[in-house]
Amino acid sequence: NIRPVCCSDIKIYNVKLIGNWRYNSDGFDMHNCINAHIKHCFCRTFDDSICIKGGDYDLINQIGDDLIYNGKKHDIFKNVLVEDCVIWNDWGKALEIGAETRATEICNITFRNCDIIHVNHTVLDCLNCHTADVHDLLYKNINIECDEVILPPIIQKNDDDKYVNPDPNYMPPTIAASVLYYPPYS
């Protein structure tokens, strides 16, 4: 995937990304960035497609209440524009805030003029598992196409598991927002 961590003034244009070869094959995962613009991209993933996240526990150190990366404080994620993108999502969430929300605030996030051409899980998701004040989110002109039959996402626990559709009338949620305690991220 493409994973900017604590970056500022980034532009990602005209990228075609296919990463549906395993669980957790995210597309664009950004962590505590400022001024990010993603435009004219195609993203096919098995897990989350475009994701706005707070600090990464593996890369960003916490000193007191501050999040430090390369000797500089990075505790805010703001000013993101994702536009004119095409998303094919096979299992995860298409456009997401979280679940990692380790930041003071995550704000001024806009998704607009995006086409979701395949989805099995939540399309627009905000999952806050840490302490970020998440605000000023805008979803505008998001087109969602749904197949006649959509298979509910189920985690395969071992190689012998066979997929059995528990709900032939399943339809993924369009929007979900929640605050959740999840030990790896909270």
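Predicted model: local features only at pLDDT ≥ 70, side-chain atom pairs only at ≥ 80, totals over all residues.
Figure 1. Strand E1 runs parallel to strand E4, and five bridges join the two. Within this pairing, Tyr-13 has Lys-39 of E4 as its bridge partner. E4 also pairs with E10, again in the parallel sense and over five bridges. In residue numbers, E1 covers 8-13, E4 covers 34-39 and E10 covers 76-83.

**Figure 2. The open sheet of five strands.** The strand order is E3-E6-E12-E14-E16, and the pairing is parallel. Strand E3 (28-31) and strand E16 (175-179) form the edges, each pairing on one side only. From one strand to the next, the twist averages 15°. Strands of a sheet pair through backbone hydrogen bonds, either parallel or antiparallel.

**Figure 3. Close-up of the E12 and E14 pair.** Strand E12 comprises residues 95-99 and strand E14 residues 124-128. The two strands run parallel and are joined by five bridges. Among the residues involved is Ile-97, whose bridge partner in E14 is Cys-126.

**Figure 4. The open sheet of three strands.** This sheet has the order E7-E8-E9, with antiparallel pairing. Strand E7 (61-63) and strand E9 (72-73) lie at the edges; each has a single partner strand, so one side of each is without a neighbour in the sheet. E7 is joined by three bridges to strand E8 (residues 66-69), and these two run antiparallel. Ile-63 finds its bridge partner in E8 at Asp-66.

**Figure 5. The largest nonpolar core.** The core contains 31 residues, and those with the most contacts inside it are Met-30, Ile-38, Ile-50 and Ile-52. Elements that each give two or more residues include strand E1, strand E4, strand E6 (50-53), strand E10 and strand E13 (105-118). E3, E12 and E14 likewise give two or more residues each. The most is given by E13, with five residues.

**Figure 6. The largest pocket.** The volume of this pocket is about 750 Å³. Its lining consists of 29 residues, and those nearest the centre are Asn-24, Asp-47, Asp-48, Glu-100 and Tyr-185. E3 and E12 each supply at least two residues of the lining. The largest share, three residues, comes from E12. By class, the lining has 11 nonpolar, seven polar and 11 charged residues.

**Figure 7. The second largest pocket.** About 340 Å³ of space lies in this pocket. It is lined by 20 residues, of which Tyr-23, Pro-152, Pro-153, Ile-154 and Tyr-163 are the closest to its centre. The lining divides into 12 nonpolar, three polar and five charged residues.

**Figure 8. The setting of Tyr-163.** Tyr-163 belongs to the loop between strand E15 (133-144) and E16. With a relative accessible area of 40%, Tyr-163 is partly exposed. Tyr-163 is also one of the residues closest to the centre of the second largest pocket. Tyr-163 and Ser-178 are 15 residues apart along the chain, and their C-alpha atoms are separated by 28 Å.

Technical notes: Residues numbered from 1 in each chain as written. Heavy atoms only, no water. Pairing = 2+ DSSP bridges. Helix = DSSP H or I, 4+ residues; strand = E, 2+ residues; numbered from the N terminus. Axes fitted to C-alpha atoms, helices over the stretch in contact; angles between N-to-C directions. 1 Å grid on protein atoms, 1.4 Å probe; cavity = no way out; pocket = protein on both sides within 12 Å on 5 of 7 lines; lining within 4 Å. Points joined across faces, edges and corners; volume = space filled by probe spheres on them. Nonpolar A, V, L, I, M, F, W, Y, C, P; charged D, E, K, R; others polar. Core = buried A, V, L, I, M, F, W, Y, C linked by side-chain atoms within 4.5 Å. Buried < 20%, exposed > 50% of the residue type's maximum accessible area, 1.4 Å probe, protein only.
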